[in-house]
Amino acid sequence: MRNSFFFLLIGLAVLFSTTGCYSTLDGQMKPGVSRKDTITSKYERPLDQIVAATKEVLAYNGTIASDDRANNTLTAKVDNRTVYVRVTSIDEYLTQVEVQTRGNYGQPDIDLSSEIDKQIALRLR
């Protein structure tokens, strides 16, 4: 009896320590594990060029699900993962790109975020 109660407490502690919520780049809160999942880069290009390159990369790798032009946020499905990209203009020729990737159950995929960011950089050459 004591052992089963002990294992129940350990199971609940593990459950509560590994779950939570994370904030997406488009401002939504979703259930999942809160860990590093975002790659941030800065480019000396105008905002329009970065957005065009980002659309090409996301369309090449998967399907663009949404394009929020007011916030310059794109959402795409790539290999059963959701990729969020936010493009922010810092000044006239300096633009910041943030790439966030999450799996089906909110698991972060930093490798795919890095790959998408690298492809955006190569598309700007």
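## A nonpolar patch on the surface

In this predicted model, the residues Phe5, Leu8 and Leu9 make up a nonpolar patch on the surface. Together the three have about 310 Å² of accessible area. Phe5 belongs to helix H1, which covers residues 2–18. The relative accessible area of Phe5 is 52%, and the cut-off for exposed is over 50%, so Phe5 counts as exposed.

## Overall build

The protein has three helices and seven strands. Read from the N terminus, the order of these elements is α-β-β-β-α-β-β-β-β-α.

The radius of gyration of the protein is 18 Å, whereas a compact globule of 125 residues would have a value near 14 Å. The C-alpha trace spans about 65 × 30 × 25 Å along its principal axes. Of the 125 residues, 36% count as buried. The protein exposes about 7,900 Å², and carbon and sulfur atoms supply 53% of that area. When contacts between residues at least 6 apart in sequence are considered, 53% of them join residues at least 24 apart.

## The largest nonpolar core

Which residues touch the most other members of the largest nonpolar core? They are Leu58, Val83, Val85, Val97, Val99, Ile116 and Ile120, out of 19 residues in this core. Two or more residues come from each of these elements: helix H2 (47–61), strand E5 (73–78), strand E6 (81–91), strand E7 (94–102) and helix H3 (110–123). Helix H2 gives the most, with six residues.

Leaving aside residues up to four places away in sequence, Val83 touches Leu58, Leu74, Thr75, Ala76, Val78, Val99, Gln100, Thr101, Leu112 and Ile116.

## Salt bridges across the chain

How many salt bridges does a search of the whole structure find? The search finds six. One of them joins Asp37 and Arg102, whose closest N and O atoms are 2.7 Å apart. Asp37 sits in the loop between strand E2 (29–31) and strand E3 (38–43), while Arg102 is in strand E7, so this pair ties together parts that are 65 residues apart in sequence. Asp37 and Arg102 are both buried.

Another salt bridge is formed by the side chains of Asp109 and Arg81, with an N to O distance of 2.6 Å. Asp109 lies in the loop between E7 and H3 and Arg81 in strand E6, so the pair ties together parts that are 28 residues apart in sequence. Arg81, at 30%, is partly exposed. Apart from residues up to four places away in sequence, Asp109 touches Arg81 and Thr101.

## Lys55 and its partners

Lys55 is part of helix H2. Its side chain meets that of Asp67 in a salt bridge, at 3.0 Å from N to O. Asp67 lies in strand E4, so the bridge ties together parts that are twelve residues apart in sequence. Between their C-alpha atoms, Lys55 and Asp67 are 9.0 Å apart in space.

Lys55, Asp67 and Arg69 are linked in a network of salt bridges. The residues that Lys55 touches, not counting those up to four places away in sequence, are Ile64, Asp67, Arg69 and Leu74.

## Two asparagines with positive phi

Most residues other than glycine have a negative phi. Asn72 is not a glycine, yet has a positive phi of about 50°. Asn72 is located in the loop between strand E4 (63–68) and E5. With 22% relative accessibility, Asn72 counts as partly exposed.

Asn80 also has a positive phi, of about 60°, although it is not a glycine. Where is Asn80 placed? Asn80 is in the loop between E5 and E6. The relative accessible area of Asn80 is 61%, so Asn80 counts as exposed.

Note on methods:
Residues numbered from 1 in each chain as written. Predicted model: local features only at pLDDT ≥ 70, side-chain atom pairs only at ≥ 80, totals over all residues. Heavy atoms only, no water. Patch = residues over 30% accessible without salt bridge, like charges linked within 9 Å, V, L, I, M, F, W, Y side chains within 5 Å. Areas by Shrake-Rupley, 256 points an atom, 1.4 Å probe, with all protein chains shown as cover. Salt bridge = Lys/Arg side-chain N within 4 Å of Asp/Glu carboxyl O. Helix = DSSP H or I, 4+ residues; strand = E, 2+ residues; numbered from the N terminus. Buried < 20%, exposed > 50% of the residue type's maximum accessible area, 1.4 Å probe, protein only. Core = buried A, V, L, I, M, F, W, Y, C linked by side-chain atoms within 4.5 Å. Contact = heavy atoms within 4.5 Å. Rg over C-alpha atoms; globule rule 2.2 N^0.38 Å.
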